[in-house]
Each structure stands twice: as C-alpha cells, then as structure tokens.
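Here is a short report for a first look at this structure. Keep the sequence and the 3D view open while you read.

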Amino acid sequence: MKHYDKFSRELYADDEGYESATPEVVADYRASRLRCGTALDCCCGIGGDTIALAKVCENVIAVDKSAERISMAERNALLCGLKNIKFVNSDIFACDLKRLEADLAFADPQRRRDGKRVNSLDETEPDTARLVSFLGGRFEGFCIEAPSTAEISYDCEREYVSWDSRRGKRECILSLYFGRLRRCGISAVALPTGDRIEVEEHTAERSDADKPRDYLYEPKVCIKRASMERDLAESLDCSFYGPFLTSDSLLKSGFFENRFAFLSFFERDRLIEALRALGAGKVVLRGKMQPEEQMRMKEEIERRLDGERKLHVFVDEGIICESLSIPQNGRSHP
Ligand SMILES: C[S@@+](CC[C@H](N)C(=O)[O-])C[C@H]1O[C@@H](n2cnc3c(N)ncnc32)[C@H](O)[C@@H]1O
C-alpha cells in the first residue's frame, strides 16, 4: 500500500505502478474535463485515473494488459467505495471498440522504460501514434497523456498541467485532447489553484523587456514546457525578460513558482562586493551548475559576507534579487 505524495489515501501499488500513476489532484482535474456517461480508460494501471473518472462519470470501463495491475486497480476502486467500473484484463488493441458502449476514451500509456522517462511519442507503450489512429477511428473525443517534453504535431489541444508535489518536485503532465474535447491549440493549468491560460497559437505581440523591472517572476514548469511565457506576460500586462516575467508593480498569479524583488546586476568578478553592498549574509545560488560546485561556491561566498539578508543570485543572468512570498489564497489568474 502506498500513497506518499500522490494520493489522499493509501492504495495498492507496485513500485512502477505507483511511479506511473497520475497524482490525484491532476487525475481529478482531468476527469472533470472528461465527465460523461461511460468513459473508457485504455491503460488503467493501478487505477489513478480510473478512480477519478468513476467519481464523475456514470460508468467506467477500465482496461489493462497486466493482470496484476487490473487486480490492484479493482481493489483500489473498492477501497474508494466505487462500484461503477468494469475491469477488463486485455491488450487494448484486442478490444472491439465498436462493441464497447463508451462515450469517450482516455489513455495514459507507459512513459517509462528501464526506470527512465521517455521523451518521444514513439517510445510510449502502447505507441501513441497507434493509439491515436485506433481511438480516432471510433471516438469523436478522446484524450491521451504524453511525455511533457515530446514534440506534438497532431491537431489537438496540448494542455500542460503543473501541480505542487509534496516532495517539492516541479512536475508537469501533458494531456492531448482530440476531436470534440479540444478547446484550443495550447493551454497551461496550475493546480491546485486551477489557473488556466489558453491560446489557439502563440500570438503574443508584446516585445520583451530590455532590463528587469522592480519585480521578477519565475513561471511554473507548465508555462515553460508550453512555451507560454509571452502569452502569460501579455495576459498579466507585464513583460518577459530572459527566464523571468517582470513588472513594476507586484503581481499575483497561480502560474508563478517564485516572486522576487530585483536588486541589482553584478559582474562575475565583483559578486562579493555587490552582495556586501546589499547587506547579504546568506545566498541561494541559481544557475546551471553541478550540486557540488554550487555548494562549494555558496560556502566560499558566505564566508566573505557579514550582513543579515538572504539573497538569491541568478549566476547565468548576473542578477541579485530577494525572494517574496507567494500568496496561498487560491485562484489568482484572471
Ligand atoms: C502509465 S500506466 C497507467 C497509469 C494510470 N493512468 C494510473 O493513474 O494509475 C500505463 C499502463 O498501460 C498498460 N499498458 C501498456 N500497453 C498496454 C496495452 N497495449 N493495452 C492495455 N494496457 C497497456 C501497462 O500495463 C500500464 O499499467
């Protein structure tokens, strides 16, 4: 039995089944988009998505080619008190979809091989292209989860969802919505706030800032994976500067991972001087560095500081700033 950071209760799971299960907050959100009479879950695994679908649909048909996973999913559904699921132990391609009375289909193919995440659609199991043509021949609407770094050339909505993992990992899930489930070309959603931004294609015309304004914001991973930094900047009436969004007044959005007050630029060989002038005592180093190098550099710098402030140093951008808290009061994006 496992739950750790993904589920609100313990569920039966093997290690790989748990790793590949959809976190409850994401499964519940996605199920809310897939609400229907009968939903087909093509690769149910230990039942993360099946359970979420069964909470909002009248019925669910859950298929998995692994007998062990089907058995775990079945026991997990019972633990959750759900009796509206029919479990089928089969290869999805052996199922006669025309005979299944389902209104839409969902598939979350395996995206791990030998314990590692795969990055392209042809490495998933089942193969995503095969799923698209199989499900597309039967359903007017269907949804497939894909590796969030994969190149997507299908005519579908690409929805990138971030959630706050209790393990502190910054993760992102990509769902492809086809046919009548497609609402736009590209979207990003931040959970648990539910902030959503969508565009048909990237059209933001606002030009990038030539220097940081008073405040800097690090966008959540869903915005980065969706390449929606400029779309978000436009919708928040601020600018994009390097990896940040930036503005003169302090903004609030569920899409911000971190907010900072911009303090100054620094030249690499004059960092200590700049930090001392700002009254720094502790630093948080950010940049493309190996953890050991980062630790060594931090210790070396802090040994030469005697101030009170804890400041963030973005080494690659040459920027010093101070972290500001993120308000925790729910939906904040218009
Ligand atoms: C990523 S897991 C699904 C996780 C699930 N959505 C959850 O939240 O628990 C993928 C599952 O697809 C199943 N699978 C792979 N190929 C399949 C196929 N051709 N037919 C049916 N199931 C398949 C695997 O056995 C595995 O359990």
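## The sheet

In this predicted model, 9 strands form an open sheet. Their order is β3-β2-β1-β4-β7-β9-β8-β10-β11. The pairing is mixed. Strands of a sheet pair through backbone hydrogen bonds, either parallel or antiparallel.

Which strands stand at the edges? They are β3, residues 85-89, and β11, residues 195-199. Each has a single partner strand, so one side of each is left without a neighbour in the sheet. Direction ignored, neighbouring strands of this sheet are turned by 15° against each other on average.

## Around β2 and β3

Take the β3 end of the sheet order next. Strand β2 covers residues 59-64. It is joined to β3 by 5 bridges, and the two run parallel. In this pair of strands, Asp64 stands opposite Asn89 of β3.

A helix belongs to this part of the picture as well. Helix α4, residues 67-79, lies across β2 and β3. The helix runs at about 165° to β3.

## Cysteines

How many disulfides does the structure hold? The count is 0. Cys36 is in no disulfide. Its nearest cysteine sulfur belongs to Cys57 and is 4.0 Å away. Cys36 is buried, with a relative accessible area of 16%.

Is Cys80 buried or partly exposed? Cys80 is partly exposed, with a relative accessible area of 30%.

## Two domains

Where the domains meet, 9 residues of domain 1 are in contact with 8 residues of domain 2. The size of an interface is often given as the accessible area lost when the parts come together. Between domain 1 and domain 2, the buried area is about 740 Å². Carbon and sulfur atoms give 53% of that area. Which residues of domain 1 lose the most area to domain 2? They are Tyr160, Ser162 and Arg170. Together they account for 66% of what the domain 1 side buries.

Definitions and conventions. Residues are numbered from 1 along each chain as its sequence is written. This is a predicted model: local features need pLDDT of at least 70, side-chain atom pairs count only at pLDDT 80 or more; totals for chains, interfaces and linings use all residues. Side-chain values use heavy atoms; hydrogens and water are left out. A disulfide is a pair of cysteine sulfur atoms within 2.5 Å. Buried means under 20% relative accessible area, exposed over 50%, partly exposed in between (1.4 Å probe, protein chains only). Two strands pair if DSSP finds at least two bridges between them. Helices (H or I, at least four residues) and strands (E, at least two) are DSSP runs, numbered from the N terminus. Axes are lines fitted to C-alpha atoms, for helices over the stretch in contact, and angles run from 0 to 180 degrees between N-to-C directions. Contact means heavy atoms within 4.5 Å. Buried area is the accessible area (1.4 Å probe) that two parts lose on being put together, summed over both.
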